[in-house]
Amino acid sequence: MKHLLSAADLTVDEIVAILDLSDEMALVNQRENRKLPTLRNKTVVNLFFEDSTRTRISFEIAAKRLSADLINFSAKGSSVSKGESLKDTVQTLAASGVDAFVVRHSASGAPFNLAHRGWIDTPIINAGDGTHEHPTQALLDAMTIRERIFGLGNTKGKTLNGIRVMIVGDIAHSRVARSNFHLLTTLGAEVHLVAPPTLMPGGFGIHKHYDFDDALQSVKPDVVMMLRVQLERMSASFFPSESEYHRTWGLTSERFYRLDEKTSIMHPGPMNRGLEISSIAADSAQSTILQQVANGINVRMAVLYSLISGEKVVSE
Amino acid sequence: MNSFVLKNAQLSDGQIADIKISSGVIAEIGSNLSAETQIDCAGLIALPGFVDLHTHLREPGYEASETVLTGTQSAALGGFTAVHAMANTDPVADTAGVVEQIRSLGIEAGYVDVFPIGAVTVGLEGKQLAELGAMANSKAAVKVFSDDGKCVSDPLLMRRALEYVKAFGGVIAQHAQEPRLTVGAQMNAGVVSSELGLAGWPAVAEESIIARDVLLAEHVGSRIHICHLSTKGSVEIVRWAKSRGINVTAEVTPHHLLLTDELARTYDPIYKVNPPLRTEQDVLALREALVDGTIDIIATDHAPHPIEAKDCEWNAAAFGMVGLETAASVAQLVLIESGKSDWARLASVLSSKPAQIANDSEHGEIAVGRKANIAIIDPKVQRKIARATASKSLNNPYVDRELPGAVVHTIYNGRFTVKNGALQNKEEIA
């Protein structure tokens, strides 16, 4: 594996190996000395063409815990008309000697272009491209689900066979949903999608629901994953109002109380409290939201390590 | 070479004949004709020179992409003897002055007839009719009007345009794209766009405009031409309109007959085009419609762009692909190699019918007394498509594909613009 571009590219063995390695990284992160010397003298560039604090910082911490030199590069927008092109930007940086690029870009496919257009020959990690994918988010979500289902210390080698995951919200525009759909499905989970019809994309399996309450009752999910809603979707008439969205597709306190108490509640953040998720649900013991943040660092360490150190995660 | 004979060429109806050309005109068609110069055309097919109803020559304004000279050289290599230059130049071809300038640049270049298409609305802005009559009565004698690149989306303006051009026998060529349904659109809306996370351009955005406009054409008793029809549903609407007696003609591009949206999975914007590449089902429906006559013509929508407009991420890239030098090969693949049609149909879709739609009286037919505008094809060649063409731009989606047939000679007004596959230089054609 030279690049991490799409969760759809990963086999079940590759995913399990990355998750097992992430579990080991979690142990490192609990030590007093949390730093590994593994990527000493390696340079990682956080190449962010879109605003992001959480993901950028998560990658930054992960790279630093592995002793890599981390450079943050932020640029707003990128097109021929607006300053330097994507190609020129990465070629310039790559010429300075870079061992991996972590790329966030508003254009779907931009990391794929960096990996495959022959512009540079550097490992690319997709940190979110447009409305396409966000594979490390899916990995950290899978790691979190494994911990919740099997318990800490009991996850090694485990898949998610038969686990029912329900993803709720703006599926159509969500890179988190796309990556999770592919990755969790590959791991054997049954992925259900709940969205208003205006925000439900074509494809993506057969488990699609427009009625959140019916879906909760019939599916009895092990995990409910709420997606962030962009308010600009409302002005573009995907749904009529915030209050209708909250009532119909939000994890309201009423829906939260009806959930089985073993059901985990996930959110990739940042949350709109009172819109897609009620505070009662977000702050409950069933919420995994902060565990997801911590696991973000663990899986990003595992991914950086696998791609840059050149050591295979999966034995062939 | 004032007088010469093309020996033993196969005509589009299948018969083998000699064609004698004198002083730029077809003097005689028959057997055992002779002249000082004889050109052996045994095994080759002589078709009326191709007429492209949809070419972007980019001049004036975008000479980094193409000029009238380079675009018409590419056209000649593709067997064309006439091209219709779309109006989205800078300045826009929306006045008599601009269309006359384009017409004269074409004459100066000398490779094909360049017929400027006039904009329907001022600046292609869809707000106010351009001076259509002034363009029609100019030296460029514009007959085809289009805001191509943009849709004339205002129904009232479209209705007026359709009515108004009846005064001088003009036709509106509509780029059918409902703008509100295609805000930010990047590729065909479907399963592939969902998976790739690229904003979709739904078929209904094309079909709803075609449906509206054929009804408008019927209402005002005008004819209408539909540019680059790309979906199965559009085919069904045009078929229905024709069965109802509505005076509609439709074009399809070579790329919509061959390529599908699966190519977007490469995220390589060489495959980004407007309207977008559609599904396999659409391609099959378009091919069938071309064979059965629902679609009247092939037009290239040759759309050159500089390298940097494609050497970038998908969203930032320009829409469009070149196509003049591969159009006849794609037509041969779809009509001849498929076994579904014949050379007469190919001559119709690439020459006589587009000439008829645009009233190009000197094109579209190999007949005694007509100007000698002829394309000679070798149908047996299989060629691997190279990236570079005579076009100034390299956005060629067919690179490394094997396509059948090659243009051997192109004769424009009795002179070879292309001979033995090679472009002739200006002195030779002048």
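Me: Hi! What kind of model is this?
Reply: It is a predicted model, where local features need pLDDT of at least 70, side-chain atom pairs count only at pLDDT 80 or more, and totals for chains, interfaces and linings use all residues. Residues are numbered from 1 along each chain as its sequence is written, while chains are lettered from A and ligands numbered from 1 in the order in which they are written.

Me: Where is helix 6 of chain B, and what should its 18 residues span?
Reply: Helix 6 of chain B covers residues 203–220. Helices (H or I, at least four residues) and strands (E, at least two) are DSSP runs, numbered from the N terminus. The expected span is 1.5 Å times one less than the number of residues. That gives 26 Å here, and the end C-alpha atoms are 26 Å apart, which agrees.

Me: Which residues of that helix are buried?
Reply: Among them are Ala203(B), Ile209(B), Ile210(B), Val214(B) and Leu216(B). Buried means 20 or more other C-beta atoms within 10 Å of a residue's own, exposed means 12 or fewer, and partly exposed is in between, with C-beta atoms placed from the backbone.

Me: And what do the buried ones pack against?
Reply: Their partners in chain B include helix 4 (155–164), helix 7 (232–243) and strand 14 (248–252). Contact means that the C-beta atoms of two residues, placed from the backbone, lie within 7 Å.

Me: What comes after the helix?
Reply: Gly221(B) follows helix 6 of chain B, with a positive phi near 65°.

Me: New topic: what is the strand order in the open sheet of chain B?
Reply: The order of its 5 strands is 9-10-13-14-15, with parallel pairing. Strands pair if DSSP finds at least two bridges between them. Strand 9 (144–145) and strand 15 (297–298) of chain B are at the edges with a single partner strand each, so one side of each has no neighbour in the sheet.

Me: How many bridges join strands 13 and 14 of chain B?
Reply: There are 3. In one pair, Ile224(B) is the bridge partner of Val248(B) in strand 14 of chain B.

Me: Is Leu181(B) exposed, partly exposed or buried?
Reply: Leu181(B) is partly exposed, because it has 17 C-beta neighbours inside 10 Å. Leaving out residues up to four places away in sequence, Leu181(B) touches Pro202(B), Val204(B) and Ala205(B).
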